[in-house]
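This report examines a surface patch, a pair of helices and several salt bridges. Please consult the sequence and the structure shown here while reading.

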Amino acid sequence: MAKKEAKTDFWVYGLLTEADIELEPQGSSIKEINDALKTASKAGSGKVGFPEFVGLVKDFLLIIENKADVAKHVKRTKGDTISTAVKDVKDCAVNGALFYGKHLAKNTSYNKIIAFGISGDQKQHYISPIFIDETEYYRELPDVESFISFNEENIEEYYTREILEEETDYDKELHEILKDAAELHEDLRNYGNLKDIDKPLVVSGILLALRESEYKNFSTDDLIGDDTVSTDGDKIFKAIASNLKRSNVRPDVKRDKILSQFAIIKDTQILNEINTTLGKTPLKHFTEFLNHRIYRSIRYTSSSEDYLGRFYGEFMSYSGGDGQTLGIVLTPKHITDLFCELLDIQPDDIVFDPCAGTAGFLIAAMHHMIAKADTEEQKKDIRQKQLHGLELQPYMFTIATTNMILRGDGKSNLVNHNFLKESPSKIQLNGATVGMMNPPYSQGSKKNPDLYEIAFTEHLLDSLTEGGRAVVIVPQSSMTGKSSEEKAIKGNILKKHTLEGVITLNSDTFYGVGTLPCIAIFTANEPHPKGKECRFIDFRDDGYKINPHIGLVETEQAKDRKQHLLDVWFDRIEAATNFCVKTSIEKDDEWLHSFYYFNDMMPTEREFEAVITDFLAFEYLMIVKNRPYLFEGLSWHDVTQNEIEDLVEKDWEEFFLKSIFKEVQRGKRLKKDNQVPGKMPYISSTSLNNGVDNFIGNNTGVRIFSNCLTVANSGSVGSSFYHPYSFVASDHVTHLTNNEFSKYIYLFIAALTNRLSEKYNFNREINDKRISREKIMLPVTEEGEPDFEYMEQYMMNLEYQKRKQYLGYVEG
């Protein structure tokens, strides 16, 4: 055990080092802390006691208590509080951490204490922080994967967000930006009568004109609503033209194309007439608003935030659209930054985005590259020579160009062309070493296979230099190969390029769009090596959540989650398979974590208890509803309790479902209108009532099964139930039968097949091919075979205990 504890200590020390946090092991050089620890024995004897690590970060006292065994992570009371019993304090990490935290809160002057209970190792672990103040009040905080949120740079933000539950300065700034965007949208609609597509053009044009005010070539004071010589629109348009020249936008045809998009500013009459409510032209009102509220945030920011892109998204959302009709799905800032970090972008890279949109990726790349650049000359080259983009839509191209100008050049390499009509060999001459892309979504079909997202991906890879790195964000369906055309493209990609890995993202990443996205990372123009291990990561829990009034917002867990992702991606740490699966691939595979993953963690007693409890509750409900015939042949009087090994004492192995069950078959569709009232249960995809959706009398044109397990294919995907009675199975469930299994073996296995709900959802249902690949963990005999006798007795013991509990209650 001492060796395991040392291994855990070493791993925890590595996490602290990576986060740039210095804590001291087994004591403290700070006299006040060390004196307090002289009476901190966990036995309560008043003798010395030391946590594994202790120390200060700013004015926060951090304490770490760890155990090698995850089974000794925390012990709770019946009331679900952390137990303070001496044995539990000694044995369990969280209990010990809380003990030391409260002791130091009481015996030192520190009033902001964060104690961490840690158990396990690098691959399988729990890290649970607890906040304790000077009153010894404590609050359990969400588990973390690293200490990145607790270093000097981030701990104040963590404290504000997670402990005080208040907004940070960044949150407040974001709220102001969104508030301004909403107000501006209303004004553009009310005073300008503008279409959704025109709103961002007017905004970006005015922002370009405002740049000329820095050269005394434009002023909002000049906008006086004079329509006889030069309208306000004429003056703004002239300032835009001057700024495009000043920004060295070339060639002339490109500059003219951009200017033509801004013609709406001078040609729209309502914008140039004095509005009686405003007492000025709408254009002057918009210009003043943008100058005072927005322009300086964009012009003088050094972050990679795509403000103009954010405004575009806000305008679309407020007006009831988001560009989906054109396949436009704008990429959030945290994803554009993540792209740069996953590729470890360097200042000598040449970046290419063939579907530039509002230039979010190029802005993020420029920001990250310049941050790593050593000289001003290198920074100049990054801005002017190393950022390339294509954008098909003229108005989006105009916004992207404006965005790059406002953020410091880069505009000369943006081109208004159709990427798919460009020759990859011609694009390769740009020498792009990095490709980033968010292609149009849901445009491909059998008639237009070139518009599939995976086809865009192949075209991008063909356009990069040999060994170039590419990262794309696409719908998860692109990685499954739904159509034969998409499957063929996946095969072509592997012949010429290398898949490094795929990261499944938060389903709300594109909030309001209804797309389940993933990130795919490739190495270009190097054929995929046979047997190469790719990484498939489940990053759905990324630390971002939906705020109903704002949209997707960052929580304090986001930094920690991203750090963990990057550590796993770059092989700095090994992760459990529920986060990352490393495996070789085939072209016909679904390139997603959910395809390769199965839950290889040993199940807990709680999982089995939930199954037996639900089954007994259903049995009772049916009996009191006069349906005891469902359970004929079953007798609980024969249930006996026998002592057996605990779950943790058994060896466990993985088994395919198809190797355990003799028959695996889907039910058959039966429409609601065709269902005849009767006594036989109709099993569908509900997670309630043991899967029973109705009682029917149909006996022809249906599939009837009995004494078996069902798994929901859709709806409540993965929900598993045992049925001792005959029933009609809908096409939304698959039945699994082994005539040698008893009720208790079925119930035991149901707890494990329930885990399928972790990897499937309404957009990715269970089909025959997928279920044929599914595996579960089972306890085994010394010969390595499934220990069905153990399973049977284990569930029998649980049923015995539950029935005894119920009878005791009734008799009492």
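Helices α24 (605-624) and α28 (788-811) each supply at least two of the patch residues. Y620, in helix α24, counts as partly exposed at 49% relative accessibility; this class lies between buried (under 20%) and exposed (over 50%).

The model is predicted, and local features need pLDDT of at least 70, side-chain atom pairs pLDDT 80 or more, while totals for chains, interfaces and linings use all residues. Residues are numbered from 1 along each chain, and side-chain values use heavy atoms, without hydrogens and water.

The axes of α26 (residues 743-753) and α28 come within 8 Å and cross at roughly 90°. Helix α26 is therefore roughly perpendicular to α28, a term for angles of 65 to 115 degrees.

A salt bridge places a side-chain nitrogen of Lys or Arg within 4 Å of a carboxyl oxygen of Asp or Glu. By this rule there are 49 salt bridges, including those below.

| Salt bridge | Closest N and O atoms |
|---|---|
| R572 and E18 | 3.4 Å |
| E288 and K280 | 2.8 Å |
| K446 and E485 | 3.2 Å |

K446 lies in the loop between β10 (434-437) and α19 (453-462), and E485 in helix α21 (residues 484-496), so this pair ties together parts 39 residues apart in sequence. K446 is exposed, at 57% relative accessible area, whereas E485 is partly exposed, at 22%.

Methods
Helix = DSSP H or I, 4+ residues; strand = E, 2+ residues; numbered from the N terminus. Buried < 20%, exposed > 50% of the residue type's maximum accessible area, 1.4 Å probe, protein only. Axes fitted to C-alpha atoms, helices over the stretch in contact; angles between N-to-C directions. Parallel < 35°, antiparallel > 145°, perpendicular 65-115°, else oblique.
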